Amino acid sequence: MIIDQKKCVACGNCVAVCPMGAIHIDPVAKRATVNQDECVECYTCFRGMSTEHLNPTMVRTIRKIGSWLRWRFDPEPDVCPTAAITEQELAWPRIVRRAFSDPVVPHESTGVHGRGTEEVKTNDVTNRVGPDDAGFTVEFGRPTVGVRFWQIQEMTTALARMGIEFEKRNPVTSLMTDTKTGEIRSDILNEKILSAIVEFKTSLANAPAVLQKVKEVAKTLDTVVAVGAAARCDEQGENRLEEMLIREGFTFNRGKTNLGLGRPSVEAAKAHVHAG
Ligand code: SF4
Ligand code: SF4
């Protein structure tokens, strides 16, 4: 994102809108500017603010005269009065910033809006996580913090050595050069994004060791790391993963229990019959 320096009147409204703190008012130029290294191309400023098309020279003059008279002329706080916030054409590798940071843009590798797949929410149908498996999501970054791909790679390469299997339809997996080593394309490693989710599964027996590894690596990363684990329940609604986590001293909360009522769509069932 860039700010059209000819149009900006330095009202400061966009500064508060940016979840990365990437916009500031340059005190010398008296214009807003975007720190391109910190901007994750989330489009919050571009899409989230209303725009007016006031004449910049007129607005600056009114603001200047107003300041002499100790009187302020400020636009409504959610408005860019001169439509100065300008999107730029994103080329590779910068375009990955938008794919992971703008929730309105579907990621081309999955067709899913945002950063991950449906994880195990549709496990009734996909059977990704089998009875002896544990499924994991490791989420990196948050507004104001973000994450760079080299930080994600620290985790994925460590996990790859633990006998895990990365989810194929996940956007981060699609950017790996080798899913056996967890290495990510070198040309995007320094790109910063709002957040990303790595998804993988392993055997139930391996789950505590994998969680220990996530904990160990997360401590070395200067970002936020949140972990989700999933397992299949028995007929009483219990599962072996929870027992293991308690035994190993992990604290956790059960977030969701899927009742198992999902069924494939008619189209998917037909496709399955044809493929069979
Ligand atoms: S809202 Fe528009 S005019 Fe105001 S500082 Fe930001 S870019 Fe400049
Ligand atoms: S696109 Fe997002 S990160 Fe970049 S300046 Fe706008 S709000 Fe900030």
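1. The shell around ligand 2 holds ten nonpolar residues, one polar and one charged. Here Ala, Val, Leu, Ile, Met, Phe, Trp, Tyr, Cys and Pro count as nonpolar, Asp, Glu, Lys and Arg as charged, and the others, Gly among them, as polar. Among the residues around ligand 2 are M1, C18, E41 and Y43; a residue is near a molecule if one of its heavy atoms lies within 4 Å of it.

2. This is a predicted model, in which local features need pLDDT of at least 70 and side-chain atom pairs count only at pLDDT 80 or more, while totals for chains, interfaces and linings use all residues. Residues are numbered from 1 along each chain as its sequence is written, ligands are numbered from 1 and chains lettered from A in the order in which they are written, and side-chain values use heavy atoms, without hydrogens and water.

3. Ligand 1 is surrounded by 15 residues, the closest being C8, C11, G12, C14 and C80. By class, twelve are nonpolar, three polar and none charged.

4. The whole structure has four aromatic pairs (rings of Phe, Tyr and Trp, its six-membered ring, with centres within 6.5 Å; planes under 30 degrees apart are stacked, over 60 edge-to-face, the rest tilted). Y43 and F46 form an edge-to-face pair, because their ring centres are 5.7 Å apart and their planes at 70°. Y43 is buried at 4% relative accessible area (buried is under 20%, exposed over 50%, partly exposed in between, with a 1.4 Å probe and protein chains only), whereas F46 is partly exposed at 32%.

5. The charged end of R98 sits over the ring of Y43, 3.6 Å from its centre (CZ of Arg or NZ of Lys within 6 Å of the ring centre and within 35 degrees of the ring normal).
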